[in-house]
Amino acid sequence: MAGYLITLSDEQSLENCIRTGTYSTILNSPRFDSWGGNHEGTFADYLSMNENDLVFFFIKRKIYGCGKLKSINGDCKFLNYQNADQ
């Protein structure tokens, strides 16, 4: 079982994650048509996530709670738009 520390900007973001049961990362656009290390690291983290892995929410130097990833229709991660992983 793995654990992931998710940094949020404020408590409102945390409330939104709790209310919707979802989280996604905001990434800047790749420069010069190539992914940077931050893009590759984020996608590698997402691809390695599995059901029952733990997630911790980090806001302003504090960790808020602990959650578990839940599988829906056989997976715990989904694209936020069609072909987002292309």
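**Exercise 1. Which residue stands opposite Y64 in β3?**

Before we start: this is a predicted model, where local features need pLDDT of at least 70 and side-chain atom pairs count only at pLDDT 80 or more, while totals for chains, interfaces and linings use all residues. Residues are numbered from 1 along each chain as its sequence is written, and side-chain values use heavy atoms, with hydrogens and water left out.

Step 1: Strands here are DSSP runs of E with at least two residues, helices are runs of H or I with at least four, and both are numbered from the N terminus. Two strands pair if DSSP finds at least two bridges between them.
Step 2: β2 and β3 run antiparallel to each other and pair over six bridges.
Step 3: Look across to Y64 and you'll find F57.
Step 4: Two residues separate β2 and β3 in their hairpin, and K60 in the turn has a positive phi of about 45 degrees.

**Exercise 2. Describe what happens at the two ends of α1**.

Step 1: D10 caps the N-terminal end, with a side-chain oxygen 3.2 Å from the backbone nitrogen of Q12.
Step 2: Just past α1, G21 adopts a positive phi of about 75 degrees.

**Exercise 3. Which element gives the largest share of the lining of the second largest pocket?**

Step 1: Helix α1 (residues 11-20) does, with four residues.
Step 2: Among the lining residues are T7, N16, Y23 and I26.
Step 3: Sorted by class, the lining has four nonpolar, eight polar and no charged residues. Ala, Val, Leu, Ile, Met, Phe, Trp, Tyr, Cys and Pro count as nonpolar, Asp, Glu, Lys and Arg as charged, and the others, Gly among them, as polar.

Key:
On a 1 Å grid over the protein atoms alone, a cavity is a set of points where a 1.4 Å probe fits but cannot get out, and a pocket is an open set with protein on both sides within 12 Å along at least five of seven lines; lining residues have an atom within 4 Å of a point. A polar contact is a pair of N or O atoms within 3.5 Å; within protein, one must be able to donate a hydrogen and the other to accept it, and residues adjacent in sequence count only if both atoms are side-chain atoms.
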